[in-house]
Amino acid sequence: MLILGIESSCDETAAAVLANGDTLLSNVINSQISIHEKYGGVVPEIASRQHVKNIFPVVAEAIKQAGVSLDQIDGIAVTQGPGLIGSLLIGHCFAKALSLVKKIPYAGIDHLTGHLLSVFLSDDHPEFPYIAMIASGGHSSIFHVTSHSDFRLMGRTRDDAAGEAFDKVAKLLGLGYPGGPVISKLAQDGNPSAINFPRAWLDKESLDFSFSGLKTAVASYVYQQNKNNLPLEIPDICASFQEAVVEVMVKKTMMAAQNTDSESVVIAGGVAANPRLRQAISEEGKNKGVKIFMPPTEFCTDNAAMIALAGYYQFKEKASLRYDSDVYSRSQF
Ligand code: KG4
Ligand code: ZN
């Protein structure tokens with residue numbers, strides 16, 4: 001079964017072709033970072049217009065690189081939400097049009113489901129059930145995953161998502177957009193214990209997150225240092241901030257594994273590309289006897305391969321969308 005995946009929920013236009021749910025034939029991503037970085041974040045209107053320009057060449061390139069023809073495609077899987085409405089509409093309408101013209105069935109895919117299943121793009125993947133921590137620009141959520149289509153939300157962010165915290169802290173430090181990659185790079189030369197930023201544990205048993213207090217703590221630290229004419233050691237601030245995020249994420253994810261007697265834990269989403277998070281959760285997994293699975297970093301950040309994969313499972317269950325289905329901006333979980 002050949003699935004064409006299309007992703008346009010934020011600032012990447014992406015398309016991929018996946019064969020039989022396990023062989024990735026192409027994976028094309030056009031990132032708009034260079035266009036949005038001067039604004040310090042994604043500008044939705046500009047993102048939509050870029051998707052309009054990119055969608056056709058990106059999909060055509062994915063088909064070409066896969067070495068197949070459009071007539072061989074058995075299903076089109078496209079991100080339906082959550083994300084930026086204008087951006088989602090471009091991919092979604094394109095997929096519907098292609099589906100109608102070429103008479104290929106299509107399926108609307110939830111973006112978080114894509115991240116949840118992205119671990120199956122690697123040979124090294126867990127058995128069900130497992131705990132998955134999805135940390136991206138819009139979400140920090142812990143799920144109990146019992147099959148390719150059953151996900152129970154156990155905890156979520158009450159305010160900023162983890163990636164959003166990285167992006168906002170990078171912005172206030174004048175480091176540009178997106179924040180995660182630049183902060184994690186600078187953090188390599190910093191001392192994670194230099195500044196004791198707060199950890200928001202919330203209630204003792206809570207698997208929810210809150211990162212907005214941490215972001216405010218970094219802002220007040222910067223304000224105080226400036227006010228007192230003290231230097232800003234950027235690598236130390238980055239390392240200490242990153243450690244505060246990582247410590248909470250690792251502890252809560254492992255607590256979810258313990259509460260559900262899960263033998264495996266998956267981390268995915270853009271923040272799962274963070275080297276310190278990958279290292280810390282691997283160490284904790286070893287200590288607790290829990291197997292840790294992480295997609296390679298190119299499958300953590302937004303891509304269409306994970307959408308094609310989620311589509312593969314949806315098509316296997318014969319689920320298909322009506323042509324009057326619409327995109328959605330907020331998480332359905
Ligand atoms: O999954 P993703 O590509 O898009 C969304 O679905 O949001 O995640 C993007 C987020 C951004 O906030 C970005 O700063 C963060 O992932 N990110 C990272 C790293 N690479 C990307 N955060 C921390 N460390 C990284 N190395
Ligand atoms: Zn994402």
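Domain bounds are taken from an automatic or database domain assignment. A pocket is defined on a 1 Å grid over the protein atoms alone, as an open set of points with protein on both sides within 12 Å along at least five of seven lines, and its lining residues have an atom within 4 Å of a point. The model is predicted: local features need pLDDT of at least 70, side-chain atom pairs count only at pLDDT 80 or more, and totals for chains, interfaces and linings use all residues. Residues are numbered from 1 along each chain as its sequence is written, and side-chain values use heavy atoms, without hydrogens or water.

**The second largest pocket**

Domain 1 (2-116 + 300-316) and domain 2 (126-294) both contribute residues to the lining of the second largest pocket, so the pocket lies between them. Its volume is about 280 Å³, a volume being the space filled by probe spheres set on the grid points, which are joined across faces, edges and corners. Of the 17 lining residues, Gly108, Asp110, Thr113, Phe151 and Gln314 lie nearest the centre. Strand 5 (106-110), helix 4 (111-117) and helix 11 (305-316) each give two or more residues to this lining; helices (H or I, at least four residues) and strands (E, at least two) are DSSP runs numbered from the N terminus.

**Strand 6**

All 6 of the 6 residues of strand 6 (residues 130-135) are buried, so the strand is largely enclosed by the rest of the structure. Buried means under 20% relative accessible area, exposed over 50%, and partly exposed in between (1.4 Å probe, protein chains only). Tyr130, Ala132 and Ile134 point one way, and Ile131, Met133 and Ala135 the other. Strands pair if DSSP finds at least two bridges between them; the table gives the two pairings of strand 6.

| Strand 9 (residues 264-268) | parallel | 4 bridges | Val266 |

A hairpin through 4 residues joins strand 6 to strand 7.

**Aromatic pairs**

Rings of Phe, Tyr and Trp (its six-membered ring) pair if their centres lie within 6.5 Å; planes under 30 degrees apart count as stacked, over 60 as edge-to-face and the rest as tilted. There are 11 aromatic pairs by this rule. The ring centres of Phe128 and Tyr130 are 5.7 Å apart with planes at 15 degrees, so this pair is stacked. Tyr130 is buried at 0% relative accessible area, whereas Phe128 is partly exposed at 29%. Phe120, Phe128 and Tyr130 form one aromatic cluster.

Methods. Chains are lettered from A and ligands numbered from 1 in the order in which they are written. On a 1 Å grid over the protein atoms alone, a cavity is a set of points where a 1.4 Å probe fits but cannot get out, and a pocket is an open set with protein on both sides within 12 Å along at least five of seven lines; lining residues have an atom within 4 Å of a point.
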